[in-house]
Amino acid sequence: MNVIIFILPFLALITLVVFIHEYGHYYFAKKFGVGITELFGFNDKSGTRWKFCLVPLGGYVKFFGDRNVFSQAEQQELLNKYSAEDQKKLFVVKPIYQRALVVAAGPLANFLLAIVIFTFIYMFAGKDFTPAKINEVQENSPAAIVGLQKNDVIYSINNSKVKSIMDISTYINTSTTEEINLSILRNDNEIFFKVKPKVIKDKDALGNEIKKKVLGIKIVPLYGEFNKEKLGPAKALYYAAKETWFVTKSSLDFIVSLIKGSGDTSQLGGPIKIAKITGQVAQYGVIAFLSITAYISISLGLINLFPIPMLDGGHLMFYAFEKVLGRPLKQKTQEGFFRIGLFLLISLMFFTTFNDLKDIGLF
């Protein structure tokens, strides 16, 4: 029963975000007259094959005449196989900008899904706008050492204005720098501090073990109560786009910190961890489930934009080379990139799977 509780929400989530991703490809492919041979399990009136697949998990769009690597001779051989009418539907003969839009549309659809979900949440469930003040500064804590005091109002963290009491922990723990830039209001005067947080082992709201950055302060609503507002469409859309950008930027900052060697690799997770967290979050209701769906959709969109062959970003990288050089890269060069990409993806898969298994206590 516990397995079902975790698996069903995960399958619902992954089905939605993968479908939206692939529909982005599908929409622009049809718009530019690209033939589509597979996507689900039935044929529509335009001849598209819709097909469910277990591997890869979720689904994919297969374009007419599409292959990852083409030599010039093979491309000409491909053209000779089809009639003039069918040649117009071949993906490889479309202008670079059309191919690029078709490929980029998948990740962009994931970002759009996140914005739609956040907009829905802010309109019908509301968004918190509770300002926060410090109620207690723990002795010998990082906050005490730099001079933070009780009743200081937290104004901004790392140049991001604090709109809600909920932002404080998020901004602190998504920071990838050793010190945090903190701006507070004290007697209507803005004062700036640099604080080096302490990293402790703790548990999140779902009971999962995490490494957490703390300043050694306790915060409370500035006016003694929480302020949650249901927003109008325009305002909800603005904050939804802002949240999507913040999550994207924070993810990129984290990846850069991993490359530099300062990031916490234990935070990387794969399907097992996503399934676990999705199942835990789903028990808190529809809004919580929609929120995690939006965050996973952003992650899927962002990862697919990485310039790694076999991902959408890898195809975009090849199109950029083709635009600059005036021709596609040589077949051997493309194959070399694909081998590197395959190695990177398999390495990442093994690493995240190891983290997942360690997270559930198998290592």
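This is a predicted model: local features need pLDDT of at least 70, side-chain atom pairs count only at pLDDT 80 or more; totals for chains, interfaces and linings use all residues.
Start with the rings. The structure holds 14 aromatic pairs. One of them joins Tyr27 and Phe28 edge-to-face. A second pair, Phe318 with Phe338, is tilted. Here the centres are 5.6 Å apart, with 35° between the planes. This pair links distant parts of the chain, 20 residues apart. Phe318 belongs to helix H10 (residues 312-325), Phe338 to helix H11 (residues 331-359). Both of these Phe residues are buried.

Back to Tyr27 and Phe28. Together with Phe32 and Tyr97, they form one aromatic cluster.

Next come charges over a ring. The ring is that of Phe129. Lys127 lies over its face, 5.8 Å from the ring centre. Lys235 lies over the face of Phe129 too, at 5.6 Å from the ring centre.

Finally, turn to Arg186, in strand S9 (residues 180-186). Arg186 is classed as buried because its relative accessible area is 18%, under the 20% limit. Its side chain has polar partners. It makes a polar contact of 2.8 Å with the side chain of Asp152. A polar atom of the Arg186 side chain also lies 3.1 Å from the backbone oxygen of Gly147. Beyond its neighbours within four places in sequence, Arg186 is in contact with Gly147, Leu148, Gln149, Asp152, Ile191 and Phe193.

Methods. Residues are numbered from 1 along each chain as its sequence is written. Side-chain values use heavy atoms; hydrogens and water are left out. Helices (H or I, at least four residues) and strands (E, at least two) are DSSP runs, numbered from the N terminus. Buried means under 20% relative accessible area, exposed over 50%, partly exposed in between (1.4 Å probe, protein chains only). A polar contact is a pair of N or O atoms within 3.5 Å; within protein, one must be able to donate a hydrogen and the other to accept it, and residues adjacent in sequence count only if both atoms are side-chain atoms. Contact means heavy atoms within 4.5 Å. Rings of Phe, Tyr and Trp (its six-membered ring) pair if their centres lie within 6.5 Å; planes under 30 degrees apart count as stacked, over 60 as edge-to-face and the rest as tilted. A charge sits over a ring if NZ of Lys or CZ of Arg is within 6 Å of the ring centre and within 35 degrees of the ring normal.
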